[in-house]
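Here are a few exercises on charged side-chain pairs. Try each one before reading its solution.

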Amino acid sequence: MTKKIFAHRGIPTLAPENTMASFNEVISYGINWLETDLSITKDEKVFIIHDDKLNRTTNRTGSIETLDSSDVKAADAGYWFAEKYRGEKIPTLNQLIDFLNIHKLNANIELKGVVGDDANHLADSLVKQFSEALDRLDENVDLIISSFNPIMLEKMYQLKPNLKYAVLFDEDGLKEDWNLTMQACHAKIIHPDSNGLTKEKIKKMQDYGYQINVWTVDSISRARELFSYGVDGVFTNIADRMEFLVES
């Protein structure tokens, strides 16, 4: 199996994360896999953003599920990174699908959990819109759907049972019952945190037959080590400096 380098939110060391500018850097460096995130607004529009709040990566504030799409569209997602990115927007789901189709770029798309009184309705809307958008995804684009939230994965699985699913685990979340969570989510791929991840833990995951992609690895020596243990891929913020690790 070919080792994978996942460009984590694009290449956020070169351009503002989860923007088209950052995604374009992935293409410029010939990287085959993009990792990005889906969230939903109060008025049920799906956008590409990691945090539940706009505060860190835009000039606006507030939790995305409490905002209307007009607020998100108005946000500047690039000014904080560099002046030349001033005016960069938060991409939409449709923009992402178009981009993947044009460039035949493979993607790991993370479903963010939804909170609040309307959480279940918004979660259903998010997976429904995502499922419909995937109907027009080019058949040559390889796709992994991941989440920390088993409920989001289950909701998506009910709509698209034939896709590839992965469960994300942070160091504290990788408890003894992790395999039960994997089975409940119909997942064949595990995405563990690099922190605390040992050769022995990786061997157990391999023994269960799971593909293993590790996050977030910004050390080339650590990436080499993980690949030597037999992991299938790593997520990194420096994909432009990691691609040589998987070149034949």
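**Exercise 1: a helix-to-helix pair**

Lys-155 is buried, at 16% relative accessible area (buried is under 20%, exposed over 50%, partly exposed in between, with a 1.4 Å probe and protein chains only). A quick note before going on: this is a predicted model, where local features need pLDDT of at least 70, side-chain atom pairs count only at pLDDT 80 or more, and totals for chains, interfaces and linings use all residues. Residues are numbered from 1 along each chain as its sequence is written, and side-chain values use heavy atoms, leaving out hydrogens and water.

Task: find the salt-bridge partner of Lys-155 and say what the pair ties together.

Solution.
1. Go for a salt bridge, meaning a side-chain nitrogen of Lys or Arg within 4 Å of a carboxyl oxygen of Asp or Glu. The partner is Asp-124, with the closest N and O atoms 2.7 Å apart.
2. Lys-155 sits in helix H5 (150-159) and Asp-124 in helix H4 (119-134), so the pair links parts 31 residues apart in sequence. Helices here are DSSP runs (H or I, at least four residues), as are strands (E, at least two), numbered from the N terminus.
3. Asp-124 is partly exposed, at 35%.

**Exercise 2: a loop-to-loop pair**

Task: is Asp-135 buried or exposed, and which residue does Asp-135 pair with?

Solution.
1. Asp-135 is exposed, at 55% relative accessible area.
2. Asp-135 forms a salt bridge with Lys-160, 2.4 Å from N to O.
3. Asp-135 is in the loop between H4 and strand E5, Lys-160 in the loop between H5 and strand E6, so this bridge joins parts 25 residues apart in sequence.
4. Lys-160 is buried, at 18%.
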